[in-house]
Amino acid sequence: MNPSIHAEVNEHLRHKDYSLVLRRMLDLSYDTGNLSIIREATAWSRQWSSSINSQQGNEPGEQFFTDINQLLEKADAALKREEQNHIMLLDAVNISKTYSKGNFKLNPVSISIQNGDILGVVGENGNGKTTLLRCLAGQLYPDNGMVHYSLLSNPDYYNIKNYVAFIPQRIPRWYGMLKDNLHFSASIAGMHGETNETMVEFMLERLNLTQYADLNWNQISSGYRTRFELARILLQKPQLLILDEPLANLDIKAQQTILTDLRYMTAWRNHPMGIVLSSQQLHEVEKIAHSVMMIKNGSCIHHSFTNDDALKGNAVEVETTTDKETLQRVFAESNTAIQFNGGFYTITSESISAQQIIELLVRNNVTVTYFRDITHSTKRYF
Amino acid sequence: MKTKRPLTPSFINQLDKYLLLNSPVTWTARTHLVIYYAILFSAVLTVLSFIVPTDPRNDSNIFAWISLTALLAAIGFIVWCIFLFRFNVFKRFGEDKPFDALKTFLLYFIAVLFMVAPCYIPPAVESIRANNAFGNDELVNDMNSINLKICQLEYDSLEHSWYGAKYIVRESLTDRFYDSDEETIERSSQNKEYKIIDTASFRQKKTMADSVVKINDSTWHFYTCPNYTFLTNYSLDEYTQSKIFNSVKLFNLVIRDYKTPDFSKTKKELDDLLKKYSSSEFSFLISDIPVDVVGRNGNYNDKIQNRYNLAHINSSFYNIKEKKYRWYEGNESRIKFWLYISLIFSLLVFIYRHTTVKTFFLTILTGIILLILSGLFLAFSHFKEETVYYLILLYYAAFFLIAVSVFGRKTRTVIDGIAINMITFFIAFMPIFATLLYYVIDEKNYIRQNYPNGYTEQRDLHYIIAQLAGFVLLLVLIEPLFKRLFRNWYSKPEQ
């Protein structure tokens, strides 16, 4: 049995988080690679998802738990007991890019991604995130440096673009019924007949899109468009998934759902992959990414994987109704810097921890409406 | 699969779903739907063509029918393109199977063939209706009957004497004179009973005369029968057992031993026949002939034409003949037109599906610019015909070199894309241009088109082979060359 998912399912059941149970059971069925189990899990999820999602807090019937146990047993029998190895997917060394028109320049950047990795690329608008991603995806040719796609030997760019999937910020519109598009994507990836139907049904259910499958592009919101595009790309089974600002069109809840799903998907045993995503939702990305790269003015100024300790000291963000003088008085005895960033204060200190900072604020009756520890966050570079 | 596709039976929807799940290349081409809708449209068009009342004796209205069908086919083509462009295995970097490009092109070609084909239905139905209304021999016999009965009824008005001319034949003429009878004679024999002609004129007259009397080796009398054929035969007997009577035959049947007919009966039979071929509709054919007026110098023929309103009857025979026999000749050019239209459109669609939108339209623009510049160059350089073909071959060679250079490039450029599009589009036509060039040069060896025996047949055969070779060349190269070029070019990163 996949012990981590098994434990997770039990944990979610304990907390009555049945929606997550459904998603993780689907992941587990996918990990088995067994079509009949995937089909069974999809049908089971479809049977329960509407009642679970519509009756928040209500207990599902006994049958729900019986089905879970049966599915877990079947998955346990079908699951291959192989250790998941981390394989290098992409190795980019000192790639740089200058556009013939305009002044922008992407300075040399090096990146390596293994399967199961999520790399977050953060930075302000116009600083080179998309350029970097497009270079990695084979859409732009870097002026210098090289990108090596480790699992491909002597590839042409057609192979590379089959290997790497790129989801742009503005997703090109789909035509026709959404479900047909998914069948088409599965079909061109070599999934035919029953496999195609099963995998499309699975992907729709996994991304909670089943009820929208028969609609067309104009009938769904931009958030769902992102999810459908993700479903389409996943059906094509790329080794490396590159997403440019996938959170831009999503509400907070949808952002969380997508990010959680992405984290789960990189760990799919049946199809492990690496993910590179750019975003300005710094905190959300940091929650799921294994490493975060900060790009500013075309240069990588921070890579959490390589230079975690580049910035010394602790840092917090605080939003308060109190004025700056009061805050300076509170932290007068500690070696602390207070910076007002329009709306909130960034307090950095080498002598006191984030925990001590909030303690000081509370003790001095400072009204705190927002507090975040950004000691290890790339937010400090903004 | 839920579908809002109109007029599709369940088996088409099942086939569509099967192809979607199992053969995306075939599914995206939508050829199965094009064939189904083309058959459906053809069936409706056929029924309509049969239902709409038309008279085979009237002028053909297929121009309107073909225009309407072509318009609907064009709309069908646009709708097909809209659906076609939605899904593209190649541009989605899907599974690349051997022969996919060839299969894709052939599917497009078949689809366009089916779209163009209905244009041939209205003329075909018109022919069927004309054939059902009038038999081949029936037309010939009716025309003979009309001529015969007019001769019987108008015996007194007709010219009975044959026109005679007397000639002395010489090896050659010393002083040629072109006389008012539109013949070349010896000047000295002008206005004489015996006119002197050379052997060439003699041979020609001999083939045309209705009767020839040899007086001696050099003296001949030629006789021409008066005209008793009041209707134009339009080669109606070209494909029939029965033959149209000529004037001599009519003379022998009626005039030579004239027997007074039963006038009222003959007149009634003639009226019935004329009624059978009278059409009340306006005819473009006779619209500019003043049939109602016989001039002061009008002869018996004009009067008879006017009396029986034969211009209308002629028009009817012409229209019926046109409709009945249009498929007996010219089918080769019809098939060529059908195939080349389909080839051109399927090539355009194939290229559009393998290139970027920008490059596709820039390719068309490049073609237009090259055409203008080449036209100007040729106009100012007093060009010969072969220069045109040399230029075309030169352009092709240049585009070919640019296109294959894509294998050595790191990025995708528009110029490479244009070159690839150009060589893909024109490959089917290059053997034709090469053959044309060869024969333009070779024909200069023969003054005034004095070709040796079998030369023109051989040339025509070579043109046919060149046309076939172009198509075969396209099919042979599409997979190993053009697909590789498109694949290599399209997937490359941009600069």
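Is Glu245(A) buried or exposed? Select Glu245(A) in your viewer and take a look around. Glu245(A) is buried, because 21 other C-beta atoms lie within 10 Å and 20 or more are enough to count as buried. Before moving on, keep in mind that the model you are exploring is predicted.

**Stop 1: a loop in chain A**

Stay with Glu245(A) and show the backbone. This residue belongs to the loop between strand 6 (240-244) and helix 10 (252-266) of chain A. Now check the backbone angles: phi of Glu245(A) is near 50°, a positive value in a residue other than glycine.

**Stop 2: a partner example in chain B**

Next, select Leu7(B), which sits in the segment before helix 1 of chain B. Here too you will find a positive phi in a residue other than glycine, near 60°. What about the surroundings? Leu7(B) counts as exposed, because it has 8 C-beta neighbours inside 10 Å and the cut-off for exposed is 12 or fewer.

**Stop 3: the domains**

Zoom out and colour chain A by domain. You will need three colours: domain 1 (3-78), domain 2 (90-303) and domain 3 (314-381). Taken over C-alpha atoms, the centres of domain 1 and domain 3 of chain A are separated by 44 Å.

Do likewise for chain B, which is divided into domain 1 (9-133), domain 2 (134-158 + 229-326), domain 3 (163-224) and domain 4 (355-495). Notice that domain 2 of chain B is written as two stretches, 134-158 and 229-326. For domain 1 and domain 3 of chain B, the C-alpha centres lie 63 Å apart.

**Stop 4: where the chains meet**

Show both chains together. How many residues does each chain bring to the contact? Chain A gives 24 residues and chain B gives 22 residues. On the side of chain B that touches chain A, helix 1 (10-22) and helix 18 (455-491) each supply at least two residues. That side of chain B is made of 9 charged, 7 nonpolar and 6 polar residues.

**Stop 5: a serine inside chain B**

Select Ser346(B), found in helix 13 (residues 331-354) of chain B. Ser346(B) counts as buried, because it has 21 C-beta neighbours inside 10 Å. Leaving aside residues up to four places away in sequence, Ser346(B) touches Phe105(B), Tyr108(B), Phe109(B) and Val112(B). Try the distance tool on one of these: Ser346(B) and Phe105(B) are 241 residues apart along the chain, yet their C-alpha atoms are separated by 6.9 Å.

**Stop 6**

Show helix 14 (residues 357-380) and helix 16 (residues 414-426) of chain B, whose axes are 9 Å apart and meet at an angle of about 65°. These two helices of chain B are therefore roughly perpendicular to each other. Their crossing is right-handed. To see the contact, pick out residues including Phe360(B), Leu362(B) and Thr366(B) from helix 14, and Val414(B), Ile418(B) and Met422(B) from helix 16. By class, this contact has 5 nonpolar, 5 polar and 1 charged residues.

**Stop 7**

Finish with helix 4 (residues 62-84) and helix 6 (residues 121-133) of chain B, whose axes come within 8 Å and cross at roughly 145°. Helix 4 contributes Ile62(B), Trp65(B), Ile66(B) and Thr69(B), while helix 6 contributes Pro122(B), Pro123(B) and Glu126(B). Colour this contact by class and you will get 5 nonpolar, 1 polar and 1 charged.

Technical notes. Residues numbered from 1 in each chain as written. Chains lettered and ligands numbered in written order. Predicted model: local features only at pLDDT ≥ 70, side-chain atom pairs only at ≥ 80, totals over all residues. Contact = placed C-beta atoms within 7 Å. Helix = DSSP H or I, 4+ residues; strand = E, 2+ residues; numbered from the N terminus. Nonpolar A, V, L, I, M, F, W, Y, C, P; charged D, E, K, R; others polar. Domains from an automatic or database assignment. Axes fitted to C-alpha atoms, helices over the stretch in contact; angles between N-to-C directions. Parallel < 35°, antiparallel > 145°, perpendicular 65-115°, else oblique. Left-handed = near helix turned anticlockwise from the far one by under 90°.
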